[in-house]
Amino acid sequence: MTWWKLVVQVHSNVIKNNIYLKPGDSYLIQDIIAKYKYKLFLIAYSGGMDSTVLLYQLLKIKQTNDQIKIRAIHINHNIHTQSEKWQNHCIRTCKKNDIPLIIEKININITKNIEEKLRIKRYNLIYNHLLNKEILLTGHHLNDQCETFFLSLKRGSGPTGLSSMSYETIFGKTKIVRPFLKITKKELEKWANLNKLTWIEDITNLNINYDRNFIRHKILPILEKKWPFFLKNCFRTTIICHEETKLKNIFLKEKIQKFLHCNDSLKIENFKNLQEELCKSLIRYWISLKNVKLPSYKIIQRIYNEIVYNQKNANIKVTIEKNEIRSYKKYLYFIKITKSIKDMIVFWHDTNRKLTLPNNLGYIIKNNKEEGINIPIPKNNELINIRFQHKGKILIIGRQKRRNIKKIWQEHNIPPWLRNQIPLLFYNDQLISALGVFVINQKIKNLKKNNQNTWNISWISTIQFSFYNNFLFN
């Protein structure tokens, strides 16, 4: 029997017989223990009622199953004068029950989007402490789910956002499981009282200046009073949205294959022949593969209108967190924003040592004649330096006429945002080579004329440019 069927059956029996669970019962998370091979669990323990019930549920099951390993983590947000008191309560509870407890404190000054930023920071801290194959358990319940649903409505979310929280979510290399997601807060509170548990009441939860608290105290009580079944129907809607999203993603996963290039770019050449709704869905699904927070409907609409549909201006870009969506030659690219280094000059004084490049672009080394590019050795009075920008016309090997460097970049299919990331080798102020792309022809002529010695150097990149499969590097 699946977990949710077990919960529904037990809950139905409770209502039918007008009884509640007897003290000591731990029916809510039994299936979790049976489902996972590795019995390692980390509890997100705030000290509140929800996580306290979760903690004691596991403890009761552990009494008859010594395979279970429990740890807890408490995040002190430092936003209230009682924060230390709540932390000490968690320490005492875990010490009393012989549960290893991790304490982390958040010390950041937040003025906007406080709830969202604290949530992100909290989960990052928790993830850093998760052991291999250890599952994170949280005390989220049905009321939390409905609050999340309303927050998604406020943001104007589609079916994906309205799906709210899932019972089980991939969390890096492990999972987050929310065993109480179909259980109301009143049911959990009843269990806590029957088992004579003690917990803290976070008075910041009463502050209706926070969106979630406003929904909790001002919206849901009115709806529940009018329609007692509202919470469960709200939950049903999240399930429907989740199923619709899942079905849509199955379709998009198959559909997108014909548009994905080997370097993870998205071919948009034929997007004008598709329905707008399908194009936007494909773009959204493609971005979801990048492991970032999904952008809003407005952002997706911008990408479609300004980049996909209007492909005349190649310089248009749309920012998503610390990334950019840009197009080049009828392909859509997802690019991490990097610090501009186009005006930077890096000198290579000791050629016997590797030269480390900025922006994690790797390093340059001198090597033997079988590797790298072969170029003339600089004269004693010439300073070897690396730059990342050059303008004007140049004559490269294999050409009879000088051409603007912009045209050469284009010939090698190197997009504008990558051109200032390629190391340009200079002797004093004379350009010698764009490493891995071209070598200046004039210097080679002088080399042959003066019988000048040569050396070989290589650019070793420590990062993977997803563009390289498509761009022509020598």
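Cysteine 241 is in no disulfide, and the nearest cysteine sulfur, which belongs to cysteine 234, sits 9.5 Å away. Cysteine 241 is also buried, at a relative accessible area of 13%, and cysteine 279 is buried too, at 0%. Here, buried stands for under 20% relative accessible area, exposed for over 50%, and partly exposed for anything in between, using a 1.4 Å probe and protein chains only.

A word on the ground rules. Residue numbers start from 1 along each chain as its sequence is written, and side-chain values rest on heavy atoms, with hydrogens and water left out. Since the model is predicted, local features need pLDDT of at least 70 and side-chain atom pairs count only at pLDDT 80 or more, while totals for chains, interfaces and linings use all residues.

Taken as a whole, the protein has 15 helices and 21 strands. Of the 474 residues in the protein, 44% are buried. As for contacts (heavy atoms within 4.5 Å), 69% of those between residues at least 6 apart in sequence join residues at least 24 apart.

Next come the sheets. Strands of a sheet pair through backbone hydrogen bonds, either parallel or antiparallel. Two strands are taken as paired if DSSP finds at least two bridges between them. Strand 7 is joined to strand 10 (residues 331-336) by 2 bridges, and the two run antiparallel. Across that pair, leucine 266 has leucine 332 as its bridge partner, and lysine 267 has tyrosine 331.

Strand 10 has 5 of its 6 residues buried, so it is largely enclosed by the rest of the structure. Strand 10 is also joined to strand 9 by 6 bridges, again antiparallel, with arginine 326 facing tyrosine 333 as its bridge partner. The hairpin of strand 9 and strand 10 has 2 residues between the strands, and in it lysine 329 takes a positive phi near 50 degrees.

Another open sheet has 5 strands in the order 11-15-18-19-20, with antiparallel pairing. Strand 11 (345-347) and strand 20 (438-439) are at the edges with a single partner strand each, so one side of each is left without a neighbour in the sheet. Within this sheet, strand 15 (residues 384-387) and strand 18 (residues 424-427) pair antiparallel over 4 bridges, and asparagine 385 has phenylalanine 426 as its bridge partner.

Now for some helices. Helix 5 (residues 114-129) has 16 residues and reaches 23 Å from its first C-alpha to its last, close to the 22 Å expected; the expected span is 1.5 Å times one less than the number of residues. The buried residues of helix 5 are Leu118, Tyr123, Leu125 and Ile126. Viewed down the axis of helix 5, these fall within an arc of 160 degrees, so they line one face of the helix. That arc is taken over the directions from the helix axis to the C-beta atoms. The cover over these residues includes strand 1 (40-44), strand 2 (69-76) and strand 3 (101-105), along with strand 4 (135-137), strand 5 (168-171) and strand 6 (174-177).

Threonine 148 lies in helix 6 (residues 142-155) and, at 11% relative accessibility, counts as buried. Leaving aside neighbours within four places in sequence, threonine 148 is in contact with Ser164, Met165 and Arg212. Proline 221, in helix 9 (residues 211-226), is partly exposed at 35% relative accessibility. Not counting residues up to four places away in sequence, proline 221 touches Ile215 and Arg216.

Definitions and conventions
A disulfide is a pair of cysteine sulfur atoms within 2.5 Å.
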